[in-house]
Each structure stands twice: as structure tokens, then as C-alpha cells.
There are 4 protein chains.
Amino acid sequence: MGATVCAAVEAETDLELVARIDQDEPLEDLLANGAEVAVDFTTPDVVKDNIRFCLENEIHVVVGTTGFEESDFDEVRKWAEAGPANAFIAPNFALGAVLMMKFAAEAAAFFSNAEIIERHQEKKLDAPSGTAQRTAHLMNEARGRAWDEVTRGRGEEFRGGDESGLRIHSVRVPGSVAHQEVILGNAGETLTIRHDSIDRASFMPGVVLAVKKVASLDGCVVGLEHLLDL
Amino acid sequence: MGATVCAAVEAETDLELVARIDQDEPLEDLLANGAEVAVDFTTPDVVKDNIRFCLENEIHVVVGTTGFEESDFDEVRKWAEAGPANAFIAPNFALGAVLMMKFAAEAAAFFSNAEIIERHQEKKLDAPSGTAQRTAHLMNEARGRAWDEVTRGRGEEFRGGDESGLRIHSVRVPGSVAHQEVILGNAGETLTIRHDSIDRASFMPGVVLAVKKVASLDGCVVGLEHLLDL
Amino acid sequence: MGATVCAAVEAETDLELVARIDQDEPLEDLLANGAEVAVDFTTPDVVKDNIRFCLENEIHVVVGTTGFEESDFDEVRKWAEAGPANAFIAPNFALGAVLMMKFAAEAAAFFSNAEIIERHQEKKLDAPSGTAQRTAHLMNEARGRAWDEVTRGRGEEFRGGDESGLRIHSVRVPGSVAHQEVILGNAGETLTIRHDSIDRASFMPGVVLAVKKVASLDGCVVGLEHLLDL
Amino acid sequence: MGATVCAAVEAETDLELVARIDQDEPLEDLLANGAEVAVDFTTPDVVKDNIRFCLENEIHVVVGTTGFEESDFDEVRKWAEAGPANAFIAPNFALGAVLMMKFAAEAAAFFSNAEIIERHQEKKLDAPSGTAQRTAHLMNEARGRAWDEVTRGRGEEFRGGDESGLRIHSVRVPGSVAHQEVILGNAGETLTIRHDSIDRASFMPGVVLAVKKVASLDGCVVGLEHLLDL
């Protein structure tokens with residue numbers, strides 16, 4: 001992912017790539033090379049330290065790493081508000097994913113139940129995906145009331161999540177990149193909103209847009225929808 | 001479908017069922033029984049005569065029959081404007097179908113190509129479905145510019161349609177009720193919006209709503225979205 | 001379901017319907033009316049008592065109730081072998097479901113990972129579904145070796161199952177009848193086998209076939225595939 | 001695709017890459033470099049000349065180019081039988097695609113109707129895809145009788161095909177690699193068999209297998225299933 005982002009940044013005439021930092025290389029290289037914006041696609045265990053380093057050193061940061069809890073966003077918000085640099089975090093940089101989240105939220109009030117199925121390759125570190133968690137969060141917020149009761153059946157420890165009664169199923173099989181479907185149901189009908197990313201190419205327009213806009217944001221902003229005129 | 005509609009009307013405390021007309025029975029029964037609103041789920045070959053009869057006799061009409069061309073809507077509009085009775089026509093009375101059309105139209109400007117696949121049972125008389133045609137119409141209108149060029153390949157006479165470059169595929173297999181998916185694509189990603197009606201129950205809330213609201217409309221209105229606060 | 005089965009039995013010229021037993025009526029009615037075969041579509045909490053009653057009273061039994069564990073099948077097998085009457089149990093009576101299970105089992109050896117997603121209406125009592133459990137069982141048996149390792153992510157108590165590393169996701173939304181998809185993955189590709197039952201009509205050919213064949217079986221047989229020439 | 005194949009051949013210890021031929025380079029390079037097997041992923045307009053050149057010059061040929069009609073296969077068969085070199089042609093080298101075709105053929109006898117939807121990127125030259133045509137051919141052969149009648153509706157010239165009453169819908173949108181679903185229907189149920197290739201990586205095991213086995217085949221063989229123990 002890092003290499004794809006570097007290539008996308010280099011392809012832009014009004015952006016300049018000044019540093020590439022691999023996992024065993026020091027973040028101080030950002031300062032040495034005068035970086036104004038850092039892009040972080042790392043792992044859940046190091047991403048927060050990276051963000052903090054950037055913000056404390058007055059470097060704007062664009063984050064595509066997932067695995068954030070609500071409390072993590074709060075922490076980043078505090079760091080961003082404490083200084084001049086901003087953070088932009090998106091669980092998904094694909095335009096289609098942003099539209100999926102928007103439509104799922106708009107539909108949430110009209111159906112009695114909904115569930116989310118997300119599918120990624122078998123080595124993805126976190127579950128549920130950041131996109132699924134954010135979708136559920138936006139749907140619950142837009143709905144503003146509880147979902148109808150559903151029989152539970154036998155429970156087991158399982159890959160997935162439960163956001164205020166909205167269930168997320170996390171499927172992990174090879175041959176997957178980033179896929180999600182939101183299924184909403186009423187008596188006699190279901191509405192399904194599905195997004196399939198099959199190539200990192202689908203994320204690059206969003207990443208480049210965020211790099212260009214992060215300096216003009218206010219503190220910490222979460223979600224690509226805030227950078228688009230939808 | 002007629003029986004299901006009659007049962008739904010009878011279940012409403014503020015509606016009264018005054019006549020049921022089967023295919024070999026005279027429309028004059030509507031007049032004899034003092035009908036204020038007629039509901040038409042018939043076939044493409046008789047629906048326009050039925051609508052004309054109702055409007056000329058000052059009976060509001062709610063129409064679920066499909067197979068309309070743009071020129072047919074124009075004719076109905078003329079009849080409705082010529083007298084006090086209104087016509088309400090919906091290619092699909094399911095709430096989920098209305099949301100599918102709305103979201104597909106909203107997404108149309110953000111993708112370079114799209115195609116529609118609709119699936120119904122093997123005896124459906126018309127192809128493409130009224131819902132698919134209306135979806136394509138709304139998408140083209142919202143997009144306001146041509147879709148990207150697509151290689152044609154070998155052409156054949158086929159079940160389906162082409163609405164200004166937006167292709168509709170009409171699948172007919174048993175085990176289907178009313179299913180449609182809209183697939184929108186950009187480099188590396190697709191967004192799919194899908195609606196599945198598996199039971200006529202899903203149409204009844206929309207039919208009942210239309211029966212209650214048709215008298216307060218203005219002339220001829222097409223599409224359930226105009227009766228909802230979306 | 002009971003009413004649909006009764007109608008299907010009555011429609012057969014070589015079968016006679018001698019008794020209908022609702023949930024608050026005594027099973028002794030079967031004996032009083034000389035039933036040779038009983039059909040049970042009840043609930044997981046009473047089905048085993050019903051089967052035992054039938055077999056002890058030398059009445060063959062065809063069972064469509066789900067929620068069985070492997071140990072339950074063992075018990076029924078013992079009862080069936082202790083007397084002249086046979087039991088036939090199928091987690092799913094739809095022909096398409098049987099083919100889905102067969103194909104999923106055949107494909108299991110060729111992919112590194114697989115997961116099952118089953119979807120039913122929100123009031124279904126058991127989870128995972130009997131069909132999903134049986135599919136997983138047949139796939140594991142046909143594969144004969146472990147599935148590849150998959151990162152677990154955060155675990156939660158969840159609706160679903162885990163059959164020797166094969167995960168089952170149980171989705172519960174209205175607008176569903178009986179739907180299942182098996183997703184098998186290798187590097188760069190997925191194979192999906194999906195069955196959708198949208199009407200009880202799809203189960204009747206299988207139920208009628210079982211009623212006609214149960215007397216000629218040997219003890220307890222599980223799965224419609226054993227009654228078909230596949 | 002050529003580059004991916006070359007890399008895959010080079011990665012095999014028992015294969016040697018002796019020539020790469022781009023579209024403006026002469027086929028004679030194969031002879032000059034002593035090639036024993038040629039792999040052709042070109043275009044429908046040149047593939048047959050390429051195959052003929054190879055077979056006449058006693059070089060085995062493995063072909064992944066699509067767009068073949070039944071009469072083209074016959075011609076290649078004649079050329080292969082006229083000399084010592086063999087031809088192996090596969091409309092699809094992905095294992096999952098081969099299983100999809102096998103299962104669709106097995107299921108064909110059990111359903112009253114079926115249709116095929118194939119989806120590829122918007123620049124694919126031929127429609128319907130070679131995989132879809134071969135699937136339809138195998139399904140018709142296995143079924144051995146006509147499909148049930150289906151209402152036609154309005155016909156139009158369209159992207160797709162009709163193989164003895166089995167309809168193929170060809171969808172072309174960006175964000176696609178190679179996707180196909182076969183939908184089979186009976187009263188109340190559908191069975192769907194779907195294959196998604198999202199990366200050329202999925203074709204390489206099949207191509208390498210064909211390169212290793214083509215010398216031991218007999219004349220012209222069509223379909224990867226003949227090289228596998230299914």
C-alpha cells in the first residue's frame with residue numbers, strides 16, 4: 001500500500017514526495033526532509049504513536065490504518081486541537097465506500113432490521129473492519145432509535161461486532177480485497193448496498209484529495225464524505 | 001395481486017372496499033358501486049383503456065401495471081389534466097425499490113459506467129421491467145451527461161433495454177418475484193444497489209398510501225418517492 | 001408450514017391425509033387415525049419427543065425441524081434401529097439446497113479457506129441453521145484436512161457457528177425466507193455457491209418424495225441427497 | 001497478461017523461458033530460440049494464425065485467448081491432428097471457473113430454466129465471454145433436453161448471447177476483472193453458482209499446469225477440467 005501511495009503522490013504535479021519510511025526506519029526522517037503532510041498506512045499497534053509524533057511535530061497526517069475505537073478518535077482529536085497540525089482519518093478511501101455508508105445511513109430509518117457483512121483477505125489484522133464499524137455508527141446515528149428485536153440463537157465467540165444491536169459479520173477468505181454489504185429488511189423485502197474494491201487503485205483519488213485538503217481542515221476530521229460535495 | 005390488494009384495503013379502518021373487478025367483468029361496476037379510487041394491477045394491453053375509463057368517469061386511479069413507455073405517461077397526463085380525477089402510477093410499490101432508485105440516481109454522477117440487471121419470474125409479460133426503465137431514466141436525468149464508451153461486442157436480439165447508453169439486462173427464471181441490481185463502476189471498484197421483493201406483502205404499504213393520497217395529488221404523478229418524505 | 005404440507009399430501013393421488021395435529025393436540029391422534037407416516041415440522045424443544053413417540057408406536061417419521069446436534073442424530077438412530085419404523089431427517093427439503101451442499105463438499109478440497117453465510121427471517125429459533133451445519137459437516141468430511149489459518153481479530157459472542165474451523169455467519173433480517181451462500185477462496189479468486197428459497201413451495205417435492213420413500217429406508221437416514229439419483 | 005505468464009514460467013524450476021514475443025515481433029523468434037511450447041494470450045483476430053504457425057512448426061501451444069466459435073475449435077483440431085504438436089485451449093484458467101462450469105452442468109438437468117450473467121471490464125473485446133459460452137455449451141449438453149419456455153418481452157440488439165435457449169447477459173463495467181454467475185430456477189427457489197477472479201494470479205497455476213501437460217495430450221484439448229482430477 002505504501003508503494004502505491006508513493007507512486008500516486010509522485011504522479012501529482014502539485015505534490016512532492018520527500019520521504020518514504022518503512023517499518024524499521026525512524027519517523028525523524030519526516031522532519032529531516034521537511035515533510036508537511038505524512039500518510040500513514042501502518043498497523044493498529046503503531047498508528048497512534050505515529051499520529052502523535054506527527055501532530056506534536058506540526059506535520060499534518062492522513063491516516064488509512066484501521067482498527068480505531070471511539071476512544072482512539074477522542075485521543076487524536078485532543079492531540080490535533082493542541083497544536084497547528086491536523087489529522088484526517090478515513091476507514092476507507094474509495095468513493096464507492098463513502099457512498100455506501102451515506103446510503104446505508106439514509107436507509108436506516110426505513111427498515112426494521114439490518115446487518116453488515118464485510119469480507120477481506122485472510123490475513124487482515126483487525127475485525128470488524130474500520131469501514132464496517134463506521135457504517136454501523138453512521139446508521140445508528142441516522143436512525144436515532146433501536147432496531148427491532150431479533151432471536152439470538154446459540155451464541156459463540158466469533159469474528160465480528162455488535163454496534164448497539166447492529167450486527168457485523170467479518171468474513172475472511174483469500175481472493176478478497178475489500179468487500180462489504182449492508183442488508184436492510186422489512187416484511188417481504190430486503191435492500192442491499194454493496195461495495196467491492198478489487199484494486200488499491202480505487203483508494204488513490206481519495207488519498208491524494210486528503211493530502212491536498214488536510215492543511216485546510218479543522219483539527220481532526222473522520223471520513224472521506226467530509227472532503228466531497230455529496 | 002388483486003386479492004392481496006383487496007385484503008390490504010379491507011384491513012384499513014378508513015378505507016372501504018366497494019368493488020372487485022376480474023378480467024371478464026365490466027368496469028361499469030366501479031360506477032354502480034360508487035368507487036372514489038380504483039386500483040389497477042392488470043396487463044400492459046388493457047391498462048391504458050382502464051385508466052382512461054376511470055379518469056373520464058371522475059374516479060381517481062392508482063396503477064401498478066408496468067410496461068409504460070414515456071409516450072404512454074404523456075397520454076395519461078393529458079387525460080388527468082382534462083378532468084378532476086388524478087392518476088398515480090408507480091412501477092414499484094415497495095419502499096426498498098424507491099430507495100434503490102433514489103440512491104442509484106444520486107450515485108450516477110460519480111461513476112464512469114453502470115448497468116442494471118432485473119430478475120423476475122419466467123411468465124412476466126414485459127421486459128425490461130417498469131422499475132428498471134424508471135431507474136435508468138432517473139439515473140440519466142441525475143447524471144446529466146453521457147456514460148463512458150463501452151466496447152459493444154457481438155450484438156443479438158435480446159431481452160432487455162438501452163436507455164441512452166445505460167443497459168438493462170432482463171433475467172427471467174422461476175423462483176423469482178421482483179429483484180433488481182444496479183452496478184456502478186470506476187477503476188478498481190464497483191458499487192451495487194440491490195432490491196429483492198420476495199412477497200407481495202412488501203407492496204401493500206405503498207398501495208394503501210397511494211389510495212389514501214391520490215385524491216390530493218395534482219393530475220398525473222409517477223413514482224412512490226413523491227408520496228414519501230425522503 | 002403444516003398447512004402447506006397437508007395440502008401437498010392431499011394433492012397426491014397415492015397418499016392419503018389421515019390426521020393433522022396442531023401444537024396443543026395429542027400425538028395419540030396419529031394412532032387413532034391409523035397413520036403410517038408422520039411429518040414433523042415443529043420446534044427444536046419438542047421434535048425429539050415427537051420422533052420417539054412415532055418410532056415407538058411403529059409410525060415412520062419424516063422430519064423437517066432443525067436444531068439438531070450430532071448427538072441428537074445418534075439418539076434417533078438408536079430408536080429407529082430398535083423397531084420396524086424408520087426416520088428420515090432433512091435440514092432442508094429444497095432440491096437446490098441439496099445441490100448446494102453437494103457442490104460445496106466437492107469444492108472443499110480445492111480451496112484454502114471457506115465460510116458460510118446463512119440468512120433467515122428475524123424470528124427463526126435456532127442459529128446456525130440446520131442446513132448450514134450440515135453443509136459444514138459435509139465440507140469438512142469431503143476435505144479431510146484442516147482449513148488454512150485465518151487471523152481471528154477481536155472475538156465476541158455472536159450468532160453463528162464454528163465447525164472445525166469452518167465459520168458460519170447467521171444473518172437474521174425480515175424479508176428473508178431461507179438463503180445461504182458458501183464462499184470458497186484461493187489467491188485471486190472466490191467461488192460462491194448460493195441457494196435462495198423464497199417460498200415453501202420449493203420444499204414440497206422433497207417432502208412428498210420422503211413420505212413415499214421413508215418406509216423403504218433402513219433405520220435413520222439424514223439428508224435429501226440419499227433419496228435422489230445425483 | 002503476457003508479463004504475468006512469463007514471470008510464472010520463470011518461477012518454475014522445471015520450465016525455461018526462451019522467448020517473449022510482443023504484438024509487433026515475429027513468431028519466427030519461437031523457432032530461433034528452440035521453443036517447445038508457446039503460450040498465446042493475444043486477441044481474437046490473430047490467435048488462429050498464431051496457433052496454425054505453432055502447430056505447423058511442431059511447437060505445442062497453450063491458448064488463453066477467447067472469442068472462439070465452435071467452427072474455430074474444429075479448425076484447430078484439424079491442424080493439431082495433422083502433425084505431432086498439440087493444442088490446449090481454455091476459456092478460463094482459474095480453478096474456480098472450472099468448478100463453476102462443472103457444477104452448472106451437473107445442476108442443469110434439475111431446474112426448469114437458467115440464465116448466465118458474466119461481468120468484465122469495459123474494454124473487453126468479445127461478448128459473450130468464452131467462459132460463458134463454454135458454460136452454456138456444457139449445461140446444454142448435460143441437460144440433453146430443451147429449457148422451459150420463457151416470455152420474451154420486447155427484443156433489442158444487445159450485448160450477450162443465446163445458446164439453444166440459454167441466455168447470456170454480458171455486463172461491462174470498470175472495477176471488474178472476470179466475474180460470472182449462473183442462476184438456475186425452479187418454483188420457489190434459485191441456485192446460483194458464481195465465480196469471481198479479481199487478480200491474474202488466479203490463472204497462473206492453470207497456465208503452468210497446461211504448459212507442463214500439453215506435450216502429453218492427444219491433438220486438441222479444450223477446457224482445464226481435462227487436466228485436473230475432478
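Me: What distance separates the C-alpha centres of domain 1 of chain A and domain 2 of chain A?
Reply: Good place to start! The two centres lie 27 Å apart. Keep in mind that this is a predicted model. The domain assignment gives domain 1 as residues 2-89 + 200-227 and domain 2 as residues 95-197 of chain A.

Me: How many residues does each domain of chain A give to the contact?
Reply: Domain 1 of chain A gives 11 residues, and domain 2 of chain A gives nine. On the side of domain 1 that touches domain 2, the residues divide into four nonpolar, six polar and one charged.

Me: What makes the radius of gyration of chain A agree with that of a compact globule?
Reply: Set the two values side by side. For 230 residues the rule puts a compact globule near 17 Å, and chain A comes to 18 Å, so the two agree. Along its principal axes, the C-alpha trace of chain A spans about 60 × 35 × 35 Å.

Me: What share of chain A counts as buried, and how many helices and strands does the chain hold?
Reply: Of its 230 residues, 50% count as buried. The secondary structure comes to seven helices and nine strands.

Me: What share of the contacts in chain A joins residues at least 24 apart in sequence?
Reply: The share is 71%, taken among contacts between residues at least 6 apart in sequence.

Me: Why is Val37(A) called buried?
Reply: Count the neighbours. Val37(A) has 22 C-beta neighbours inside 10 Å, and the cut-off for buried is 20 or more. Since 22 meets that cut-off, Val37(A) counts as buried.

Me: Where in chain A is Val37(A), and which residues is Val37(A) in contact with?
Reply: Val37(A) lies in strand E1, residues 37-40 of chain A. Leaving aside neighbours within four places in sequence, Val37(A) is in contact with Ile59(A), His60(A), Val62(A), Val211(A) and Val214(A).

Me: How do you know that the length of helix H4 of chain A is close to the expected one?
Reply: Compare its reach with the expected span. H4(A) covers residues 70-81, which makes 12 residues. From first C-alpha to last it reaches 17 Å, close to the 16 Å expected at 1.5 Å a residue.

Me: Which residues of H4(A) are buried?
Reply: They are Val76(A), Trp79(A) and Ala80(A).

Me: Why are these residues said to be on the same side of H4(A)?
Reply: Look at their arc around the axis: they cover only 95 degrees, which puts them on the same side of the helix. The buried residues of H4(A) pack against helix H3 (47-56), strand E3 (87-89) and strand E9 (220-222) of chain A. The face turned away from the buried side carries the exposed residues Glu70(A), Ser71(A), Asp74(A) and Lys78(A).

Me: How many residues of chain A are in contact with chain C?
Reply: There are 41 residues of chain A in contact with 41 residues of chain C. On the chain A side, the elements giving two or more residues are strands E4 (113-120), E5 (155-163), E6 (166-172), E7 (178-186) and E8 (189-197). E5(A) gives the largest share, eight residues. By type, the chain A side divides into 11 nonpolar, 15 polar and 15 charged residues.

Me: What makes Glu58(C) stand out in its backbone, and why is it called exposed?
Reply: Glu58(C) has a positive phi of about 60 degrees although it is not a glycine. Most residues other than glycine have a negative phi. Glu58(C) has 11 other C-beta atoms within 10 Å, and exposed requires 12 or fewer, so Glu58(C) is exposed. Find Glu58(C) in the loop between helix H3 (47-56) and strand E2 (60-63) of chain C.

Me: What is the phi of Glu58(D), and why does Glu58(D) count as exposed?
Reply: Its phi is positive too, at about 60 degrees. With 11 C-beta neighbours inside 10 Å, Glu58(D) falls within the limit of 12 or fewer, so it counts as exposed.

Me: Which kind of peptide bond, cis or trans, joins Ala127(C) to Pro128(C)?
Reply: That bond is cis, with omega near -5 degrees. Most peptide bonds are trans. Pro128(C) has its place in the loop between strand E4 (113-120) and helix H6 (130-143) of chain C. In chain D, a cis bond joins Ala127(D) and Pro128(D), with omega about 0 degrees.

Key: Residues numbered from 1 in each chain as written. Chains lettered and ligands numbered in written order. Predicted model: local features only at pLDDT ≥ 70, side-chain atom pairs only at ≥ 80, totals over all residues. Contact = placed C-beta atoms within 7 Å. Helix = DSSP H or I, 4+ residues; strand = E, 2+ residues; numbered from the N terminus. Nonpolar A, V, L, I, M, F, W, Y, C, P; charged D, E, K, R; others polar. Expected span 1.5 Å × (residues − 1). Arc of directions from axis to C-beta. Rg over C-alpha atoms; globule rule 2.2 N^0.38 Å. Domains from an automatic or database assignment.
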